[in-house]
Amino acid sequence: MFRIVNATGGYGKTVIIRDVSIAVDKAEIVALLGRNGVGKSTLMRFAMALIPALSGHVEIDGRNAPEAPAKRAKAGVGYVPQGRYVFPRMTVTENIGVAAETNGHSGRLAVETALREFPMLRPKADDLAGGLSGGQQQVLALARALATKPKILLLDEPTEGVQPSIIDEMAGILKRINRERGVAILVAEQDLDFCLSIATRAYVMEKGSVQLETDRESLRTDKKLQQQLLGV
Ligand SMILES: Nc1ncnc2c1ncn2[C@@H]1O[C@H](COP(=O)(O)OP(=O)(O)OP(=O)(O)O)[C@@H](O)[C@H]1O
């Protein structure tokens, strides 16, 4: 359903990712693992057309994805960047409404759906997003991405700076979204336990390339692999 094909790209003349290919099927949850700085975020930016492709391309349902980020979002790619980026001076409701309307959907319906799906946001609906806790902002960023009605969600380190109880809740939320809405998820993470709790497959990156594709069982049992590739 979603494929990154032979992706090569970086910043200016510096090539960071080389010849990376990744596929995520409809309604799959796939993890993108690797140590700090191996290029996970850069691959996510490539997938969202936020950096130019030196070579390679992205396919959605067998078709080449449009090159501009806004068009890619309309074609069904939802993206939550590392550090989340909600609009801090807008309320929770406004954040969700704007995301929906920018992508041609009803803001009112998106807000209703989000507050139903994420009870944690209900008491905060009229609060400024900048005043929420890290975990609440992460959930809001997720709600914003979902308001665009994506086929696939790209999540860049969603557990970073989020307290453990909310990480567990987030894992539950992602599994539910995946099951009930049929949204595929590609999640870049350093938190192996979180990935093991939600993803059935993983790609492991090293130095800008995919070194290994593996399944949950192998990741869970192969301690040597964990140490070698993730430093855990
Ligand atoms: N905007 C940028 N301009 C130039 N170089 C960058 C930029 N962003 C990242 N890099 C470099 O690209 C390399 C890969 O970084 P990237 O953020 O993609 O890795 P990562 O695996 O996501 O790591 P992290 O978990 O720390 O985010 C690093 O060497 C980083 O310094």
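Modeller: In α1, the buried residues are Lys 40, Thr 42, Leu 43, Met 44, Arg 45, Phe 46 and Ala 47. Buried means 20 or more other C-beta atoms within 10 Å of its own, exposed means 12 or fewer, with C-beta atoms placed from the backbone. Helices are DSSP runs of H or I, at least four residues, numbered from the N terminus.

Colleague: How many of the residues of α1 is that?

Modeller: 7 of its 8, so α1 is mostly covered. Ala 49 follows α1, with a positive phi near 65°.

Colleague: Is this predicted or experimental, and how are residues numbered?

Modeller: It is a predicted model: local features need pLDDT of at least 70, side-chain atom pairs count only at pLDDT 80 or more, and totals for chains, interfaces and linings use all residues. Numbering runs from 1 along each chain as its sequence is written.

Colleague: What is the mean pLDDT of the protein?

Modeller: The mean is 91, and 98% of residues reach 70 or more. pLDDT is the predictor's confidence in each residue, from 0 to 100. For the complex, the predictor gives an ipTM of 0.94 and a pTM of 0.91.

Colleague: Switching to α4. Which residues are buried there?

Modeller: Ala 110, Val 111 and Ala 114, in a helix spanning residues 107-117. Down the axis of α4, the buried residues fall within an arc of 100°, so they line one face. The arc is that of the directions from the helix axis to the C-beta atoms.

Colleague: And what does the face turned away carry?

Modeller: Exposed residues Leu 109, Glu 112 and Arg 116.

Terms used:
Helix = DSSP H or I, 4+ residues; strand = E, 2+ residues; numbered from the N terminus.
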